[in-house]
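Here is a short report on one chain. Look at the sequence and the coordinates first, then read on.

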Amino acid sequence: MNTTITNEKPTEDFAALKKLTATVYLCQVLTFAFAGLPLLIGVAINFFYRNNVKGTWLESHFNWQIKTVWVTLAGFALSGLVLMLDIQLSLIVLIPTLLLLIYRIVIGWTNLTAEKSLQDLS
């Protein structure tokens, strides 16, 4: 998978990259079961294969997934800092972070299934 796909025609490499994108969304879903570790694995996949999706509609999904991780990590960190003050206040930060994570996974995966770009949503 070292070749860059620059056209919109489905090829074996492009199909593999699409499956890889779905795998990253799956990693994001598994974050709820495995305390965030799959989130980091998914973003590592994004950064490793980022050049392979340049110029395709999958590039927008990779950017969306990376932004999802940064926002989620920031929310988790803020929730952890606020936890030192008050548990209830920490939940006020954590719950919207988790809801945003769910929203971004659903929107991303839905658009991936429909083979649509996420250009306008970032």
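## Annotated spans

Residues 68-85 are 89% helix and 0% strand, with end C-alpha atoms 26 Å apart. Helices here are DSSP runs of H or I, at least four residues; strands are runs of E, at least two; both are numbered from the N terminus. Residues 22-48 are 78% helix and 0% strand, and their end C-alpha atoms lie 15 Å apart.

An unreviewed UniProt entry annotates residues 22-48, 68-85 and 91-112 as "transmembrane region". Such annotations may be inferred rather than shown by experiment.

## Model and confidence

This is a predicted model: local features need pLDDT of at least 70, side-chain atom pairs count only at pLDDT 80 or more, and totals for chains, interfaces and linings use all residues. Residues are numbered from 1 along each chain as its sequence is written, and side-chain values use heavy atoms, with hydrogens and water left out.

The chain averages a pLDDT (the predictor's confidence in each residue, from 0 to 100) of 89. Of the residues, 89% score at least 70. Over residues 1-7, pLDDT stays under 50. Where pLDDT is low, the predicted coordinates should not be read in detail.

## Helix α2

Helix α2 covers residues 37-49, at a mean confidence of 95. Its 13 residues reach 19 Å from first C-alpha to last, close to the 18 Å expected at 1.5 Å a residue. That expected span is 1.5 Å times one less than the number of residues.

Which residues of α2 are buried? They are Pro38, Leu39, Gly42, Val43, Ile45 and Asn46. These cover an arc of only 150 degrees around the axis, which puts them on the same side of α2. The arc is that of the directions from the helix axis to the C-beta atoms. Exposed Leu37 and Phe48 sit on the face turned away from the buried side. Buried means under 20% relative accessible area, exposed over 50%, partly exposed in between (1.4 Å probe, protein chains only).

Definitions and conventions: Contact means heavy atoms within 4.5 Å.
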